[in-house]
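Please read it with the structure open beside you.

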Amino acid sequence: MDVRRRRPAVRARHRRVPHGLRGRRRVLQQADTARFSTAVTVRRKPLGTRVRRDRTEVAAQPDRPRRRDHGAAARRPSPVHVGERRVPAPAQLVLPGRRHTLRRGHPRQSRRRASTHRRAHRPVVLTDAPPLLRHRVLRPWDRVRRGRPHRAPHRPRGRLDRPVRGVRTVVNPYQAYVYAYPHKTAYRPFPVPPALRDVWAGESLDALFLYLHVPFCEMRCGFCNLFTRTGAPEELTGAYLDALDRQATAVLDALGDAGSFATAAFGGGTPTYLTAHELERLCDIAGRFPGFGAIPLGVETSPATATTDRLTVLADRGTTRISIGVQTFLDDEARAAVRPQKRAEVEAALGRIRAVGFPTLNIDLIYGIDGQTPTTWTRSLDAALAWRPEEIYLYPLYVRPLTGLGHRAKDWDDHRLGLYRIGRDHLLAEGYEQVSMRMFRLPSDTANGTEYCCQTDGMVGLGCGARSYTSRLHYSFEYAVETRAVRSIIDDYVREDDFTTARVGFPLDDDERRRRHLIQSLLQAEGLNRSLYRSRFGTDPLDDFPLDLKTFQDRGWLDTSGSTLRLTSEGLAYSDAIGPALFSPQVQALMASYEAR
């Protein structure tokens with residue numbers, strides 16, 4: 001006998017269930033076999049088991065922000081073991097309702113009038129799917145939809161999503177941030193690790209860039225895919241500095257006495273995660289390289305670690321530029337980006353930086369955060385401009401694999417592009433000049449102090465997350481984002497005694513060198529100097545890359561008139577599509593085959 005026919009045909013009420021799955025309606029049918037002639041087969045599993053199991057797995061990850069409970073667990077009734085029940089266990093039935101699709105700000109379905117024709121009820125029974133990884137920034141409709149995980153639609157990787165070849169008419173403007181070419185996901189272990197002496201032999205060493213990487217942070221933001229770990233104890237930071245010192249010895253031996261450095265930087269991670277004493281030692285290690293202390297030095301910091309004692313050490317050791325990752329001045333947006341900071345803390349940190357007196361202050365902001373609007377975006381811009389920083393970087397929010405943020409709406413690209421144009425126009429109206437899609441600065445005679453000319457100059461990187469560049473070889477250590485893999489790489493690094501060889505990298509042939517010069521030059525507002533390109537490679541870029549450059553020109557993104565190839569204002573807006581479109585087939589294949597870890 002069908003149990004549903006014995007129930008009155010009344011409309012089900014929306015009720016809040018106590019086990020945490022909001023926006024779901026459940027029918028708990030307790031069939032008494034003495035009352036009905038036929039028994040009902042039900043799934044004997046306590047309600048809420050999957051939710052509690054998911055929370056247990058998230059809590060086991062120390063680097064992942066925990067979901068705040070606010071006492072809800074204490075109010076939630078404990079599950080009763082199936083064996084202790086005196087009636088058959090209730091079936092987990094999910095009514096295909098619409099309540100979870102009608103929340104404010106989530107226009108997935110429009111409201112409809114209730115139909116006068118009652119359809120037969122078709123319950124959906126939850127299956128034994130793998131536990132879903134829950135995160136506090138994901139809303140209920142992002143977690144489970146009708147009993148199965150919601151997955152983002154597959155977006156194949158390709159050049160401009162292949163719009164340049166005429167396959168699509170609309171270009172995704174946010175495909176990849178090309179801060180270096182090739183990306184580390186194209187690096188592979190060398191079959192025979194070359195000696196550093198041989199790698200740097202014959203290279204131009206008169207204007208090198210020194211970079212020291214500190215892979216530690218006080219927290220991991222939801223959007224971050226950098227090589228870093230959180231909560232490093234003092235023993236680990238001390239052992240890491242010891243390894244940096246050993247690596248510096250091997251690099252100095254490979255360079256000999258010919259190396260000359262033009263600029264330096266400390267990055268990460270967050271270098272100011274180190275204590276003031278540890279920062280002193282970091283500067284001592286960098287001071288072993290010629291010119292340190294007399295050349296421009298840039299250091300990255302965060303609001304929580306920009307303390308007076310740390311900033312004083314950096315100022316005394318010659319730091320000329322401080323870059324602070326604020327991302328947003330609004331507390332709600334900071335929480336949405338899984339960056340639990342208060343505006344008061346940010347303002348206090350900026351006050352300390354200005355009080356110490358660094359020549360250049362850079363503020364990083366992010367657009368595209370969940371809930372961000374043109375109004376709130378402008379408020380963050382104005383809050384940053386109140387400090388009149390010499391530089392401002394505007395970063396689009398990216399959702400990357402193995403990070404804390406989830407999928408975004410399909411119109412997210414248009415939303416980010418609109419916010420970018422608002423920010424660009426706002427800064428230009430305030431007297432800033434645009435250097436690249438992300439960088440804006442005040443005109444000054446001291447500008448370019450800590451910029452690195454990555455088209456021609458070599459870079460010496462120290463640390464397990466740093467890269468080193470020669471004209472024909474890029475090398476580093478292994479790359480990872482996932483917490484356990486990052487910790488394993490750091491542990492291997494601090495135990496390493498032999499730094500005389502390059503382990504992982506990418507060799508550049510003549511075509512890759514041309515592509516690198518083209519990409520790194522074209523994505524800057526000043527563009528690519530054709531005369532400099534011809535003097536270096538003996539050919540013209542329009543002859544080397546005719547199809548790609550003509551396509552950009554036809555779209556109105558590139559100006560090829562004159563002696564400089566320069567992106568237009570709209571072309572700069574599409575920098576994150578233009579850069580990946582110029583990747584070689586070999587680099588694209590290596591990046592596509594890379595397994596994120």
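This is a predicted model: local features need pLDDT of at least 70, side-chain atom pairs count only at pLDDT 80 or more; totals for chains, interfaces and linings use all residues.

1. The structure contains 19 aromatic pairs. One of them joins Phe 266 and Phe 292, whose rings are stacked, with 6.1 Å from centre to centre and 25° between the planes. This pair links distant parts of the chain, 26 residues apart, since Phe 266 belongs to strand E9 (residues 261–268) and Phe 292 to the loop between helix H6 (276–286) and strand E10 (297–301). Phe 266 and Phe 292 are both buried.

2. A second pair, Phe 477 with Tyr 493, is edge-to-face, because the planes stand at 85° with the ring centres 5.5 Å apart. Here too distant parts of the chain are linked, 16 residues apart: Phe 477 lies in the loop between strand E18 (473–476) and helix H12 (483–495), while Tyr 493 lies in helix H12. Phe 477 counts as buried at 18% relative accessibility, and Tyr 493 is buried with a relative accessible area of 2%. Both rings belong to a cluster, linked by ring pairs, that also takes in Phe 216, Tyr 240, Tyr 273 and Phe 499.

3. In helix H7 (residues 308–316), the buried residues are Arg 310, Leu 311, Val 313 and Leu 314. They lie on the same side of H7, because the arc they cover around the axis is only 160°. Among the elements that cover these buried residues of H7 are H6, E10, strand E11 (321–327) and helix H9 (343–356). Just after H7, Gly 318 has a positive phi of about 95°.

4. Two cis peptide bonds may be worth checking. One runs from Tyr 181 to Pro 182, with omega near -5°, and Pro 182 is placed in the loop between strand E4 (148–149) and strand E5 (188–189). Another joins Gly 268 and Gly 269, with omega about 15°, and Gly 269 is found in the loop between E9 and H6.

5. Most residues other than glycine have a negative phi. Val 338, however, has a positive phi near 55°; it lies in the loop between helix H8 (331–336) and H9 and counts as buried, at 2% relative accessibility. Arg 388 also has a positive phi, near 45°, and lies in the loop between helix H10 (374–385) and strand E13 (391–396), where Arg 388 is partly exposed, with a relative accessible area of 36%.

Conventions
Residues are numbered from 1 along each chain as its sequence is written. Side-chain values use heavy atoms; hydrogens and water are left out. Rings of Phe, Tyr and Trp (its six-membered ring) pair if their centres lie within 6.5 Å; planes under 30 degrees apart count as stacked, over 60 as edge-to-face and the rest as tilted. Helices (H or I, at least four residues) and strands (E, at least two) are DSSP runs, numbered from the N terminus. Buried means under 20% relative accessible area, exposed over 50%, partly exposed in between (1.4 Å probe, protein chains only). The arc is that of the directions from the helix axis to the C-beta atoms. Contact means heavy atoms within 4.5 Å.
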